[in-house]
Amino acid sequence: MSEPVRSILHASDSPAREVGAESDLGFLWDFWYPAVRSSEVTGRRLATATLLEVPLVLGRTSKGKAFAMRDSCPHRGIPLSHGRFDGTTVECSYHGWRFDACSGQCVEIPSLTSQDKLKVERIFAGHYPCEERDGYIWVYMMSGRPIASGAFQLDEGDRSQGGASPSPTKNLASSTPAAPKLSVFSEKYRLTHLACELPSHVDQGIIGLMDPAHGPFVHQSWYWRSRHSIHEKEKKFEPIPNGFRMSPHSPSSNSAPYRLLQRYTGEPVTTTIDFVLPNMRTEEIRSGKLWFSSRAAVTPVRRDLCRIDFVAAWNLLLPVWIFRIFAEKFLRQDQETMILQAEGLKHNPRLMLIDDADRPAKWYFGLKANLLESRRMGTTMKHPMDGPVTLHWRS
Ligand code: FES
Ligand SMILES: [Fe+2]
């Protein structure tokens with residue numbers, strides 16, 4: 001078989017391979033994921049991102065609406081991010097096909113003559129629902145190809161003689177849940193974002209995020225905690241939809257910042273920590289009128305790369321720059337640990353999850369498996385927890 005023929009066959013194989021890959025890589029589809037920071041998309045600039053191994057091109061229309069398309073022209077696959085954006089349509093750099101940025105619908109094929117019967121409006125570039133919240137552009141990663149009308153699919157469409165194929169985004173808009181939003185508790189507050197890439201599968205990133213036992217070893221410091229401050233803890237957990245909650249409690253007494261807060265307000269400090277699928281840990285700390293709220297989302301980029309997007313808001317008298325010094329150090333400590341872990345994981349070792357410190361990790365895997373099972377069977381999802389549970393560990 002000649003090389004060009006082989007590569008054409010290979011290209012036409014790719015949709016099937018991709019659908020197969022979706023179910024195999026341990027990613028959770030049909031959820032919102034943060035793709036880029038809002039600040040990265042200005043004017044007519046096109047930004048790129050990869051989510052769940054899907055290349056995306058993102059931008060904002062002249063009316064201010066964020067959009068996300070698959071970064072691949074449905075004609076010959078060249079990345080659309082190399083094309084031009086006029087505020088409404090993205091023009092491919094290869095043959096100049098133009099696509100409406102919000103619907104992905106093709107609006108012009110410059111090579112067509114008046115003799116051509118091709119229904120341009122039936123061609124769609126892949127595109128995804130997109131929302132802006134908390135300074136991020138979120139993309140709803142729906143399973144299957146959003147739509148990518150290559151020549152084969154177009155022939156199919158022509159045979160059906162129906163009207164223009166409806167845009168899948170329009171169909172989905174009604175069934176798409178609202179994008180996540182960080183909870184805030186007063187009108188005025190400070191807000192900051194941090195991000196950090198981890199060279200691991202999203203599952204490792206997530207169980208690292210909810211792991212209570214690494215604190216005294218990885219995050220040792222005089223102002224936070226030392227390895228000698230380890231003591232036994234008892235935490236109550238309860239099931240919540242798609243996740244679990246560490247029930248409201250007074251935070252660890254071996255952490256100096258919490259002691260300070262309590263001294264400042266004279267009121268008890270309570271913390272509520274939630275984990276919800278696909279990837280989000282939120283924490284709310286309140287003491288009197290003062291509050292701190294944060295969210296860490298671990299997003300799968302590729303099978304061997306994920307990214308923590310951390311956003312925090314507070315009305316404490318804490319300058320952003322001071323918070324960032326500590327938070328950056330914290331994230332860097334986790335990142336360095338995950339880099340070392342990735343070294344070890346190259347050799348595919350057998351791993352363990354122990355009780356009780358790794359029980360949240362077991363719930364995560366249980367939630368994920370049960371969600372996939374319920375989607376496969378079309379049944380209600382069974383929660384891996386029967387009810388509230390008290391866990392004990394030393395940290
Ligand atoms: S590859 Fe995009 S127009 Fe031809
Ligand atoms: Fe950590």
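Predicted model: local features only at pLDDT ≥ 70, side-chain atom pairs only at ≥ 80, totals over all residues.
Residues are numbered from 1 along each chain as its sequence is written, chains are lettered from A and ligands numbered from 1 in the order in which they are written, and side-chain values use heavy atoms, with hydrogens and water left out.

Histidine 219 lies in the loop between helix H5 (215–218) and strand S13 (232–240), and aspartate 334 lies in helix H7 (residues 320–345), so the pair ties together parts that are 115 residues apart in sequence. Helices (H or I, at least four residues) and strands (E, at least two) are DSSP runs, numbered from the N terminus. Histidine 219 is buried, at 3% relative accessible area; buried means under 20%, exposed over 50%, and partly exposed in between (1.4 Å probe, protein chains only).

Helix H7 has 26 residues, which at 1.5 Å a residue should span 38 Å, and the 36 Å between its end C-alpha atoms agrees with this. The expected span is 1.5 Å times one less than the number of residues. Asp334 is among the buried residues of H7, together with Phe323, Ala327, Leu331, Gln333, Met338 and Ala342. The buried residues of this helix pack against strand S12 (190–198), helix H4 (202–209), H5, strand S17 (290–302) and strand S18 (305–314), where contact means heavy atoms within 4.5 Å.

Strand S17 contains serine 294, which counts as buried at 4% relative accessibility. Beyond its neighbours within four places in sequence, serine 294 is in contact with Leu182, Arg281, Thr282, Glu283, Phe310, Val311 and Ala312. Two of these partners, arginine 281 and glutamate 283, are joined to each other by a salt bridge of 2.8 Å, N to O. A salt bridge is a side-chain nitrogen of Lys or Arg within 4 Å of a carboxyl oxygen of Asp or Glu. Glutamate 283 is buried at 11%, whereas arginine 281 is partly exposed at 23%.

The count of salt bridges comes to 19. In one of them, arginine 359 and aspartate 356 have their closest N and O atoms 3.0 Å apart. Aspartate 356 is buried, with a relative accessible area of 16%, and arginine 359 is partly exposed, at 22%. Shared partners join Asp355, Asp356, Arg359 and Lys362 into one network of salt bridges. Arginine 84 and glutamate 91 form another salt bridge, at 3.7 Å from N to O. Here arginine 84 is exposed, at 59% relative accessibility, and glutamate 91 is partly exposed, at 25%.

Two strands pair if DSSP finds at least two bridges between them. Strand S7 (residues 98–100) and S8 are antiparallel and pair over two bridges, and arginine 98 stands opposite glutamate 108 in S8.

A further open sheet has four antiparallel strands in the order S2-S3-S4-S9. Strand S2 (47–51) and strand S9 (127–128) each have a single partner strand, so one side of each is left without a neighbour in the sheet. S2 runs antiparallel to strand S3 (residues 54–60) and is joined to S3 by five bridges; threonine 50 stands opposite proline 55 in S3.

Over the whole chain, the secondary structure comes to eight helices and 19 strands. Of its 395 residues, 46% count as buried. Among contacts with a separation of 6 or more, 61% are between residues 24 or more positions apart.
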